[in-house]
Structures are given as C-alpha cells and as structure tokens.
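Visitor: Hello! Could you show me how to read this structure, one feature at a time?
Guide: Gladly; let us look together.

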Amino acid sequence: MDYDSLSENVLRKFFRINEAAAGVFSLDGYGVAAWDYSAGTKNRNAVQAFPYFEHYMDYYDIKLKPKTVQKELEYERKGFLTHSEPGHHFYHIPELYGK
C-alpha cells in the first residue's frame, strides 16, 4: 500500500479485512506494510499504527475448519467472515460487531 495516496479510512479497512482473514484461517499473526517498506524511496521505513483486535488469540484454533460460504470469495469461522472479489470487499470481526 502507498500510505501517502490512500486515506486513513481505506488503510484501516484494508487492515481489518486482513485481520478478519487471520481469524478465519487461525493465522499466528497478521499485519500490513507499505508496498516498498524497506526497499523503496517513497515509503521507506514508513510505519502506520492500526488498532488490533484485542482478543484474537481467544479464537485461535489449531484444528481450524473454515467454512466456504461462496466458492473462493467468502470464508467464515467462529464469527469471522471475509468476502473479497474485485470491487466488492467486506469483513466481519466478532468483537467489533457483536459476537
């Protein structure tokens, strides 16, 4: 992502959909960074702070079983939902929107 060309709201939404995907697939960690973080000139070492989902590890499951809601477009597990297709992306994170 180019932090300079995207609004704070767009950056936050991108972070949140990655956060929801981490919940769906029970990833050990997640985050986003500038597209040329350590190699470029425009965003070199740029850091953007995002508020993390505080209870992420409460949902962590080594025996995860995400459910495909729409083939290769939408996945769900334990209240986490991510939907991604060109021009149409949304997510659901339990703590943010009620469990």
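Guide: We begin with a term: contact means heavy atoms within 4.5 Å. Not counting residues up to four places away in sequence, His83 touches Ile17, Gln70, Leu73, Glu74, His88, His89 and Phe90. Please keep in mind that this is a predicted model, where local features need pLDDT of at least 70 and side-chain atom pairs count only at pLDDT 80 or more, while totals for chains, interfaces and linings use all residues. Residues are numbered from 1 along each chain as its sequence is written, and side-chain values use heavy atoms, with hydrogens and water left out.

Visitor: How many helices and strands does the chain have?
Guide: Helices (H or I, at least four residues) and strands (E, at least two) are DSSP runs, numbered from the N terminus. Here there are 2 helices and 4 strands, in the order α-β-β-β-β-α from the N terminus on.

Visitor: Where is the place of His83, and is His83 buried or exposed?
Guide: Buried means under 20% relative accessible area, exposed over 50%, and partly exposed in between, using a 1.4 Å probe and protein chains only. His83 sits in strand β3 (residues 80-85), and it counts as buried because its relative accessibility is 2%. Across the chain, buried residues make up 30% of the 99 residues.

Visitor: Which side chains does a polar contact join to that of His83?
Guide: A polar contact is a pair of N or O atoms within 3.5 Å; within protein, one must be able to donate a hydrogen and the other to accept it, and residues adjacent in sequence count only if both atoms are side-chain atoms. The side chain of His83 has such a contact of 2.6 Å with that of Glu74 and another of 2.7 Å with that of Glu85.

Visitor: What is the bridge partner of Gln70 in β2?
Guide: Two strands pair if DSSP finds at least two bridges between them. Strand β1 and strand β2 (residues 74-77) run antiparallel, joined by 3 bridges, and Glu74 is the partner of Gln70. In their hairpin, with 3 residues between the strands, Glu72 takes a positive phi near 60°.

Visitor: How many aromatic pairs are there?
Guide: Rings of Phe, Tyr and Trp (its six-membered ring) pair if their centres lie within 6.5 Å; planes under 30 degrees apart count as stacked, over 60 as edge-to-face and the rest as tilted. A search of the whole structure finds 2. One of them is the tilted pair of Phe15 and Tyr30, at 5.9 Å centre to centre and 45° between the planes. This pair links distant parts of the chain, with Phe15 in helix α1 (residues 8-25) and Tyr30 in the loop between α1 and β1 (67-70), 15 residues apart. Both Phe15 and Tyr30 are buried.
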